[in-house]
Amino acid sequence: MGWNGGPLPVHGSKVLLDSDSDTYIISDTDDQIQLFAGGAEITEFDADGVNLTVAAYFANGSESAPGISFVNDPNSGFWRGVADTINLSVGGSEIAEFDATAVTIAAGTKLVIS
């Protein structure tokens with residue numbers, strides 16, 4: 001038994017995800033998987049990582065839970081407090097804020113240039 005009770009898909013075959021056959025998963029290159037939506041390639045997965053071919057959008061997040069964080073370190077990363085700003089938190093505390101006119105370092109944070 002294989003996929004949906006039928007035989008397993010062979011190399012290069014599409015796993016269709018919608019009725020008009022333009023959203024699918026395929027592996028037509030060794031050690032790589034591609035995801036298509038509406039006929040356009042959205043992403044590729046391989047041993048080196050994930051390559052997005054479209055824009056990625058993230059949750060705003062917060063100082064203690066950034067929208068872009070790291071494995072096993074969910075309270076360090078980037079978040080957005082208000083439109084047109086990018087904030088940086090480390091250990092759940094804001095370290096810096098970037099906007100169109102300034103980079104603001106949080107009070108009590110040392111700026112070390114080496």
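A pocket is defined here on a 1 Å grid over the protein atoms alone, as an open set of points with protein on both sides within 12 Å along at least five of seven lines, and its lining residues have an atom within 4 Å of a point. This is a predicted model, in which local features need pLDDT of at least 70 and side-chain atom pairs count only at pLDDT 80 or more, while totals for chains, interfaces and linings use all residues. Residues are numbered from 1 along each chain as its sequence is written, and side-chain values use heavy atoms, with hydrogens and water left out.

The second largest pocket has a volume of about 150 Å³, a volume being the space filled by probe spheres set on the points, which are joined across faces, edges and corners. Its lining includes Phe58, Trp79 and Arg80. The classes are tabulated below.

| Class in the lining of the second largest pocket | Residues |
|---|---|
| nonpolar (Ala, Val, Leu, Ile, Met, Phe, Trp, Tyr, Cys and Pro) | six residues |
| polar (the others, Gly among them) | three residues |

Five strands (DSSP runs of E, at least two residues) form an open antiparallel sheet in the order β1-β2-β3-β4-β5, where pairing requires at least two DSSP bridges. The edge strands, β1 (14-16) and β5 (49-52), each pair on one side only.

Strands β3 (residues 32-37) and β4 (residues 40-46) are joined by six bridges, and Ala37 stands opposite Ala40 in β4. Gly39 and Phe58 are 24 Å apart in space, C-alpha to C-alpha, and 19 residues apart in sequence.

Key. Helices (H or I, at least four residues) and strands (E, at least two) are DSSP runs, numbered from the N terminus. On a 1 Å grid over the protein atoms alone, a cavity is a set of points where a 1.4 Å probe fits but cannot get out, and a pocket is an open set with protein on both sides within 12 Å along at least five of seven lines; lining residues have an atom within 4 Å of a point.
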